[in-house]
Each structure stands twice: as structure tokens, then as C-alpha cells.
Amino acid sequence: MPCAADMYKTVTGEFVCEPCSANSNTASTTGSTAVTACVANAGFYGVNGGTPIACPANSGTGTATGSTALTACVANAGFYGANGGTPIACPANSGTGTTTAGSATGSTASTACVAAAGYTSPNGGNPTPCGTGTYKAAI
């Protein structure tokens, strides 16, 4: 009998299926015959078949499953920093915006931090409220 999703067995026949390690899954695949079918969950990284490690704080893999590489951990919305590093928050009253697909993302560059509606500053700067009689409607 084949193994259910998130389980595997390395030998055929009437043997017990083993669960994937914590923070990993088989991406809904059934009948897995190798521990390497277990891949990191979203927000984690590590070798297939191993025990995945959480991405650094304020970052994630942004996909249904994680990755084998730390550099797949990218900054969350409102943060910036090197892929695989610990992201830094954008200055108060600014953020990294929203992609054309509607999902918010971070960036590797501080200049992706753009002043929020009602504030002004150069990209990556410290926003201040708009002056009297002026406004900014959106990022």
C-alpha cells in the first residue's frame, strides 16, 4: 500500500510509512519511496529529507514549499536586506508596497522603502508628514 502525503517508506511491501520530519512535507505527493521526497515547508529551508530550519525573522520563502538554500529566504513586506540575512524594517511611515499581483513583498534595497500616503521623503529616507495644503494619496 502506498504511503499517504507527508510520509515515505524506503522498502516495498507491508512496512510502516515514516512521517516527514518537522517543518517538511511531500507537497501532497503520495507513494513516496525516499526520505528526500520530504521538502521544507514554506518559510523554511534545508536539505530534502532533513530537518528544515526556519528562515530568519521577518523573511520567508514566499512559496508553497521552502527551499534547500538559505538565500531563498527573502525579506517580508516592509523590510529590506540581503536574501538569507535578517531583514531590517523600513523607516516608520514607509513600506515596500505591493506587487502588481497584489502580494506585498520586501526588497534587498533600502530604496524600496517608499513613504506612505500622507508622508514624503526620498525612497529609503525617513518620511515626514506632507506640508500644509499638500498631500500624497498613495505609495
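Predicted model: local features only at pLDDT ≥ 70, side-chain atom pairs only at ≥ 80, totals over all residues.

Q: OK, secondary structure. How many helices and how many strands?
A: Zero helices and 14 strands. Reading from the N terminus, the order is β-β-β-β-β-β-β-β-β-β-β-β-β-β. The radius of gyration is 21 Å, well over the 14 Å from the globule rule for 139 residues, so the chain is more spread out than a compact globule.

Q: What does the C-alpha trace span along its principal axes?
A: About 75 × 25 × 15 Å.

Q: What about contacts, how many join residues at least 24 apart?
A: If you take contacts between residues at least 6 apart in sequence, 30% of them join residues at least 24 apart.

Q: Switching to cysteines. How many disulfides does the count come to?
A: Four. Counting bonded cysteines along the chain, the pattern is 1-2, 3-4, 5-6, 7-8.

Q: Let's take Cys-3. Which residue does Cys-3 form a disulfide with?
A: Cys-17, and the two sulfur atoms are 2.1 Å apart. That link is left-handed, with -95 degrees about the S-S bond. Cys-3 sits in the segment before strand 1 (7-8) and Cys-17 in the loop between strand 1 and strand 2 (18-19), so the pair ties together parts 14 residues apart in sequence.

Q: Is Cys-3 buried or exposed?
A: Cys-3 is buried, because its relative accessible area is 3%. Cys-17 is buried too, at 17%, which is under the 20% cut-off.

Q: And Cys-20, what's the partner there?
A: Cys-20 forms a disulfide with Cys-38, sulfur atoms 2.1 Å apart. The angle about the S-S bond is -75 degrees, which goes with a left-handed link. Cys-20 is in the loop between strand 2 and strand 3 and Cys-38 in the loop between strand 3 and strand 4, so this pair ties together parts 18 residues apart in sequence. Cys-20 counts as buried at 12% relative accessibility, and Cys-38 counts as buried at 2%.

Q: What is Cys-55 joined to?
A: A disulfide joins Cys-55 to Cys-73, S to S 2.1 Å. The link is left-handed, with -70 degrees about the S-S bond. It connects distant parts of the chain, 18 residues apart: Cys-55 is in the loop between strand 6 (53-54) and strand 7 (59-60), and Cys-73 in the loop between strand 7 and strand 8 (74-75). Both Cys-55 and Cys-73 are buried.

Q: Why is the sulfur of Cys-130 too far for a bond?
A: Because the closest cysteine sulfur, in Cys-113, is 17 Å away, and a disulfide needs the sulfur atoms within 2.5 Å.

Q: New topic, backbone angles. What's phi doing at Ala-27?
A: Phi of Ala-27 is near 55 degrees, a positive value in a residue other than glycine. Ala-27 is in the loop between strand 3 (24-25) and strand 4 (39-40), and counts as partly exposed at 44% relative accessibility.

Q: And phi of Asn-93? Where is Asn-93?
A: Phi of Asn-93 is near 65 degrees, a positive value in a non-glycine residue. Asn-93 is in the loop between strand 10 (88-89) and strand 11 (94-95).

Terms used. Residues numbered from 1 in each chain as written. Heavy atoms only, no water. Helix = DSSP H or I, 4+ residues; strand = E, 2+ residues; numbered from the N terminus. Buried < 20%, exposed > 50% of the residue type's maximum accessible area, 1.4 Å probe, protein only. Rg over C-alpha atoms; globule rule 2.2 N^0.38 Å. Contact = heavy atoms within 4.5 Å.
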